[in-house]
Protein chains: 2
Amino acid sequence: MIVCKFGGTSVASAEQIKKVANIVKSNPERKIVAVSAPGKRSSDDIKVTDLLIDLAETALAGGDVESKINGVVNRYRDITDGLGLDNTMMNVIAADLSERVQADRSNKDLFIDSIKASGEDNNAKLIASYFNSIGMPAKYVSPKEGLVLNDLPERTYALPEAYVNLSKLKDTKEIIIFPGFFGYTKEGILRTFDRGGSDITGSILASAVGATLYENFTDVDCVFAANPKVVNDPVDIKEITYREMRELSYAGFSVFHDEALMPVYKQGIPVNIKNTNNPSAPGTRILPTRIQTNRPVTGISADGGFSILYVSKYLMNREVGFGRKLLQIIEEENISYEHTPSGLDDISVIMRSNQLTPEKEERIVARVKTELCADDVHFSHNFSMIVIVGEGMRHNTGLAARAATAISNTGANIEMINQGSSEVSLVFGVRSEFEDRILKGLYEEFFAKIPIS
Amino acid sequence: MIVCKFGGTSVASAEQIKKVANIVKSNPERKIVAVSAPGKRSSDDIKVTDLLIDLAETALAGGDVESKINGVVNRYRDITDGLGLDNTMMNVIAADLSERVQADRSNKDLFIDSIKASGEDNNAKLIASYFNSIGMPAKYVSPKEGLVLNDLPERTYALPEAYVNLSKLKDTKEIIIFPGFFGYTKEGILRTFDRGGSDITGSILASAVGATLYENFTDVDCVFAANPKVVNDPVDIKEITYREMRELSYAGFSVFHDEALMPVYKQGIPVNIKNTNNPSAPGTRILPTRIQTNRPVTGISADGGFSILYVSKYLMNREVGFGRKLLQIIEEENISYEHTPSGLDDISVIMRSNQLTPEKEERIVARVKTELCADDVHFSHNFSMIVIVGEGMRHNTGLAARAATAISNTGANIEMINQGSSEVSLVFGVRSEFEDRILKGLYEEFFAKIPIS
């Protein structure tokens, strides 16, 4: 049994949904389909999810919701018209939206979540009815039937019983259309996953039914070894391990939401990233293990928006607990950090800048100075992390040297190197203005010079 | 005013102490002299300090102390005879040792400390009387007169009032002979500094009297850029900053006890490491700042005996506080760590192996597994840290690349690279069996290829 997930652009229009139907039809193993809300049809289009957020905020502001509801409904009408469906579904969607808008607003976030989630929910109903209209027996299944989530305020995840409940789906005759992105707590409160959350839903379903394959349909043929916006015509990745994918998606590779890999990772279910617009392309396969190619590096990613907190204190290394106390202060500002390179009397903490505010920075610097009696404490910003990823590459003698040399040849100074823990990645911190140049240089070093395997 | 410190080999015999007298005489600025206990006269000799430890342990074991005391006394007699002194000092020393041996033994450590410290104390008295016997007005000053230390059980350090008390020494007409290695708490309890503690005493004295220079006399002409036991005829270091010295002494450079720099560092007092056996050699000057040479690297040191705790957990980087909790567990075993390189889902903690026991390792692994729910936790041993040190070298583009390349060319795999915080050092973790080969390779890269400045 195959679980497929179709992303926003794959279900953005009647034309796209027809492609989805053909893909599902072409392989009887494709029994469970998770769908996103209609995405952009063109670069200047608006996602249904964004229309819904606008609707929710208008409602909260006491504005004119009718016009907003119509905006959403019309978006679906374009689709149903194009699919030759009657108005039944339109009325269902309109009624559903009015009901959600009238719901309890005491918790603004939950109110917005409920309206956002209607995008996937109604799209799933719509697609199920389309499948049936063309003689493909299909059935909409609501997350209410088993996708149990944890309670607020923790970050959203599926509880163990969710997997037990959803495992029953493997016995249904019809093709199951399941809305992505959300589920319900034991108390029946609707909660959503992070953006990209439909990937998680598909992954949970694949794990629950013990699928042989999880197909993740998007609008690219494959994952590239480097960002095509920066590197000219990068090679495609045919096979990649879960760990490699995780490391890559962490720094800039937005193609796959990293947390979404968790459920299939645990079961060792292979993932195939494919293109709805070119289903015959083999795509990229994410596997527990892969055959080594003649290339030590699988991919290179780069991401900006990092800041570094620098702390120095003479004889710091003699103080048991110094690092721990420093991280405690950072934790108390609810900041998660990425790396902590350290010298003898110095330690740096590298974190994503978006977690910082001038006030937070001030508080942290003040506390580190007074509570840890540090000699020097300061933040610096505009750093990028360049991550070179390859299974087992750590044991490739000379790889760090090649990478550092390639970076130096771009004229950039290496602000930080982090190697030593992960066996699949090597991280370089550089000033963001060098990011693109370095990505090009490293791609040149590790890919352009070697024949494609 | 110059404060000099003479190490164990510089005061090991009558012949050596005559050299000390000539050195002190040759410059009237040399008014304060800190001395160690008599060290080895030849490689197979036994230090007085070790004779004293043997004496203390024999006493605690209820053994025959008389013969042990005689052993120590005879060692001093060789010196007094060689210096043409009468028996006065011998009787003082014998009486002193008998008194110390009869002292309270309720705290074994303090009992041993008191007997160990007699090595410096009696040597200072002996040297003072010798100076006077040859017409150099000298005065033994006991640490009782001002060198106030903190109380147990903390690691020993001088309290602020010690500096105030000792500042008075600058007004004395005679040359002051001050025993290194120990001081007294407010309650009059004798406490010793770590081994190499005479360096600390000299440094405290230099700081207290605001010396223009702290001369540290040892048995080498200078500090070398790399370990002469490994690298063939390494270049000498003429000038080095405090920070560079710290980083070097941390990994293997045993020439100077790093903590001893603290008091002079705070005052910016220059330190000159010189050779008692070749006082005309300029030696190595440790300064707050130095003139940049044409060489980015000042020295390379290497030290073995490191272990790595490896911890991995899927989605670790999403857990605020994971690293802090890990370090807390290590701290609760009272282990201080060196570096914590981290990947996305992995973190390694690098520490000195001598802090570990099989029981500690077991406890740590068990706690990390259960309390942090880690997927994989294990220790690995026999690592060496190679430290490349140079003021401002961090901003030398390409230096990390050169270093990594030189290491790779030895065939060694780089297990860890730590760059990013300290501006003066770059640390590589390697398997210990490669240590010497790598040190040679790095020396070749950064020194042999460049004309000596």
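## A buried asparagine at the chain boundary

At 4% relative accessibility, B:N418 counts as buried. Keep in mind that this is a predicted model. B:N418 sits in strand β18 of chain B, and its side chain reaches across to the backbone nitrogen of A:S342, at 3.1 Å.

What does B:N418 touch, leaving out residues up to four places away in sequence? From chain A there are A:P341, A:S342 and A:I417, and from chain B there are B:H339, B:L426 and B:V427.

## Where the two chains meet

Stepping back to the whole interface, 59 residues of chain B are in contact with 59 residues of chain A. The area buried between the two chains is about 5,400 Å², with carbon and sulfur atoms giving 49% of that.

There are also 11 residue pairs in polar contact between chain B and chain A, counting pairs with both residues at pLDDT 80 or more. On the chain B side, several elements each supply at least two residues that touch chain A, including the helices α8 (242-250), α9 (261-267), α10 (322-332) and α12 (399-409).

How many salt bridges cross between chain B and chain A? The count is 4. In a salt bridge between B:R246 and A:D345, the side chains meet at 2.3 Å, N to O.

Now for the aromatic side chains. Over all chains, the structure holds 12 aromatic pairs. Take B:Y443 and B:F447, which form a stacked pair with 5.0 Å centre to centre and 10° between the planes. These two are 4 residues apart in helix α13 (residues 435-448) of chain B, which means about one helical turn separates them. B:Y443 is buried, with a relative accessible area of 8%, and B:F447 is buried too, at 3%.

Ring pairs also link residues from both chains: A:Y242, A:Y265 and B:Y314 come together in a cluster. Within chain A, A:K125 lies over the face of A:Y140, at 5.8 Å from the ring centre.

## Salt bridges across the structure

A search of the whole structure turns up 44 salt bridges over all chains. One of them joins A:R367 to A:E332, with the closest N and O atoms 2.7 Å apart. A:R367 lies in helix α11 (residues 358-371) of chain A and A:E332 in helix α10 (residues 322-332) of chain A, so this bridge ties together parts that are 35 residues apart in sequence. A:R367 counts as partly exposed at 24% relative accessibility, and A:E332 is partly exposed at 47%.

Over in chain B, the side chains of B:K5 and B:D199 meet at 2.8 Å, N to O, in a salt bridge. B:K5 belongs to strand β1 (residues 2-6) and B:D199 to helix α7 (residues 197-208), so the pair ties together parts that are 194 residues apart in sequence. Are B:K5 and B:D199 buried or exposed? Both are buried.

Another salt bridge in chain B brings B:D236 and B:K238 to 3.5 Å, N to O. Here B:D236 is partly exposed, with a relative accessible area of 34%, and B:K238 is partly exposed at 49%. Back in chain A, salt bridges that share partners join A:R41, A:D45, A:R75 and A:D78 into one network.

Key. Residues are numbered from 1 along each chain as its sequence is written. Chains are lettered from A and ligands numbered from 1 in the order in which they are written. This is a predicted model: local features need pLDDT of at least 70, side-chain atom pairs count only at pLDDT 80 or more; totals for chains, interfaces and linings use all residues. Side-chain values use heavy atoms; hydrogens and water are left out. Rings of Phe, Tyr and Trp (its six-membered ring) pair if their centres lie within 6.5 Å; planes under 30 degrees apart count as stacked, over 60 as edge-to-face and the rest as tilted. Buried means under 20% relative accessible area, exposed over 50%, partly exposed in between (1.4 Å probe, protein chains only). A charge sits over a ring if NZ of Lys or CZ of Arg is within 6 Å of the ring centre and within 35 degrees of the ring normal. Contact means heavy atoms within 4.5 Å. Buried area is the accessible area (1.4 Å probe) that two parts lose on being put together, summed over both. A polar contact is a pair of N or O atoms within 3.5 Å; within protein, one must be able to donate a hydrogen and the other to accept it, and residues adjacent in sequence count only if both atoms are side-chain atoms.
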